[in-house]
Amino acid sequence: MQIYLPIAEVSVNAFTLMGLGGLVGVMSGLFGVGGGFLITPLLFFIGIPPTIAVATGANQVVASSVSGVLAHMKRKTVDFRMGGVLLAGGLIGSGLGVLVFNILQRLGQVELVVQLCYVVFLGLIGGMMLQESLRALRRARHPTGRRRLHQHNWVHRLPFKMKFRTSGLYISVIPPLLVGVAVGVLAAIMGVGGGFIMVPAMIYLLGMPTKVVVGTSLFQITFVTAFTTLMHAVSYNTVDVMLALLLIVGGVIGAQIGTTLGAKLRAEQLRILLALLVLAVCAKLALDLFLTPDDLYSIVTRVR
Amino acid sequence: MSRHAPLIALIVALLLPGVVAAQSQGSLMPADDTGAGYPLFPDPGRPRSAVPENVPKPAEQVVAGLSDDSVSITTSFDGSEILIYGAIRREAPIPEGRLDVIVTIEAPSQPMTIWRKQRRLGIWVNTERVEVGAAPSYYAVSSTGPLDQILLPGWDSRYRISLPQALRAFEGAPEVADAPAFTQAMVRLREDDGHFRLDEGGIELAQDTLFRADIRLPANLLEGDYKTRIFLLRDGQVIDVHRAAIEVRKVGLERWLYNLAFDQPLLYGLMSLAVAVLAGWGASAGFRKLRRA
């Protein structure tokens, strides 16, 4: 069934889009990631203009993170104070990112920068996840002594300290603010929630306890992606609600299937699979940058 | 600023004495009929001549009709077939010589940029560009035979019939040395993705009088008035042109969403967010209920 998208002005198969949303939904349910980093490149691939793919991707992330944060609020695993500080940084970053996106678009380098961002971040995350899950596998075989709660490093020597009761932390507000800004910029440029950056940063850099990390990052992501969507919609009219709706419908159904599936499989092996998948996507994108392209020329239509 | 470009072009065209003279003579002859090699990629530096309007009463005239004079883009729109049919009206017996028909459909123009990649620090980067002020987003040519055999190049450049000619003016002076290479690449890319179509031999001409052409409009259509032109050719020279418009409009939900997104962007953004939040909340609530049951 073909559907004509009113803003993208292209006609696409509705089932392809719902399938795409569903596939990413299954992965997010299985692995606990937002899936924005998979949806945006896939949208490029089926011929949605990059600007619209990024803006609509952000809108799709709002839907998936809302349902996640609601579940975490019920379990009381959201640090609202930390979330608020991250959010303040995130809004600044998102505003900056939308600005940068517009400049890149004028220079004709959007595709390159987005692709480079994806290669760098997917490479980093894939590598980290692989290393982490291999270590976890080894640890499961040779149990050792208990690790320290968190290490004291330069983060704890900065000024403007603040108490975060839910996380049990007393640290400076500067690092969480900076993390927030970085994630906001990524959300605007790559059309992703940025959970894959924020979660490791919260654990390793801020030393937050793991149980509040996912809920808090989802809380921040919901608002930052909502703000990004609004910014893109108001300044560049690039959000396609029809496209978003199809992705969301597929995504929410897929997420539920993924969660059910995930309960039946072993966690460490799943993580290794995801790490390999992320590395494969990264390698594909990197090859496209380094190998001679099929066509040296490309056409970009400008706004009338 | 760029919105005024066509207006400025029009004023410039009107001020050019050569063009005005050619029009006042009411001649169909092309300004320069040098017959330079075909296909010819337009030199961006050369000023474009104005396309002449119909002149009264040629010996043979085209009478034509379209199966549809409007196309509605609905949610389930996936392209449309346009049938163009017609006949040739004459007062005198059929003259000697080769008779041909060419039909073109031209979508509204949009500005675009053609980029060329180069290797920098090992990766491929867009480095050089040519700005095209206005190029049709869709252009189809259907004819009774190969264009290079049935159409003289001078007439082609006068009426901008073939694909390379249909490209409009470049914007400003090109920043690159080999602008025609960019034009060539653009035509090739647009042909590959189905936005430029050339169907030589797609028109059947029966008894030198009746003809029909089927032209398929793709699913990825832009809104606007699509210009249809039917050319009647005798020995490679255009002797009559028939013009008609096909109105392509979004309707219903498509129309409403598009208007909302551009006229009330804030409201539209908030609505998109509401859709996302409701879907997220509804899905988790719905599945929870499902699991409990």
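**Entry 1: chain B on its own**

Into which domains is chain B divided? I looked this up in a predicted model, and I found domain 1 (2-249) and domain 2 (251-293). Next I checked how these two touch: domain 1 of chain B gives 5 residues to the contact, and domain 2 of chain B gives 4 residues. I sorted the domain 1 side of that contact by class and noted 1 nonpolar, 3 polar and 1 charged residues.

**Entry 2: where the chains meet**

I moved on to the contact between the chains, which takes 46 residues from chain A and 48 residues from chain B. Which elements of chain A each supply at least two residues to its side? My list reads strand 1 (2-4), helix 3 (50-74), helix 8 (210-236), helix 9 (241-264), helix 10 (267-290) and strand 5 (297-301). Helix 3 of chain A has the largest share, with 8 residues. By class, I wrote down 30 nonpolar, 12 polar and 4 charged residues for the side of chain A that touches chain B.

**Entry 3: a strand pair across the chains**

I then followed strand 5 of chain A to its partner. It is joined by 5 bridges to strand 5 (residues 109-120) of chain B, and the two run antiparallel.

**Entry 4: helix 8 of chain B**

I picked out helix 8 (residues 265-292) of chain B, which has 28 residues. From its first C-alpha to its last it reaches 41 Å, close to the 40 Å expected at 1.5 Å a residue. I looked for buried residues in this helix and found several, among them Y268(B), L273(B), A276(B) and G280(B). What covers the buried residues of helix 8 of chain B? The cover includes helix 3, helix 8 and helix 9 of chain A, together with helix 7 (252-263) of chain B.

**Entry 5: the largest core**

A reminder for us both: in soluble globular proteins, nonpolar side chains tend to be buried together. The largest core here has 145 residues, and L243(A) and F231(B) have the most contacts inside it. Helix 8 of chain A provides the largest share of this core, 12 residues. Why does the core lie between the domains of chain B? Domain 1 (2-249) and domain 2 (251-293) both give residues to it, so it lies between them. I also checked F231(B): leaving out residues up to four places away in sequence, it touches V101(B), I102(B), Y159(B), I161(B), V238(B) and V241(B).

Methods: Residues are numbered from 1 along each chain as its sequence is written. Chains are lettered from A and ligands numbered from 1 in the order in which they are written. This is a predicted model: local features need pLDDT of at least 70, side-chain atom pairs count only at pLDDT 80 or more; totals for chains, interfaces and linings use all residues. Domain bounds come from an automatic or database domain assignment. Two residues are in contact if their C-beta atoms, placed from the backbone, lie within 7 Å. Ala, Val, Leu, Ile, Met, Phe, Trp, Tyr, Cys and Pro count as nonpolar, Asp, Glu, Lys and Arg as charged, and the others, Gly among them, as polar. Helices (H or I, at least four residues) and strands (E, at least two) are DSSP runs, numbered from the N terminus. Two strands pair if DSSP finds at least two bridges between them. The expected span of a helix is 1.5 Å times one less than its number of residues. A residue is buried if 20 or more other C-beta atoms lie within 10 Å of its own, exposed if 12 or fewer, and partly exposed in between; C-beta atoms are placed from the backbone. A nonpolar core is a set of buried Ala, Val, Leu, Ile, Met, Phe, Trp, Tyr and Cys residues joined through C-beta atoms within 7 Å.
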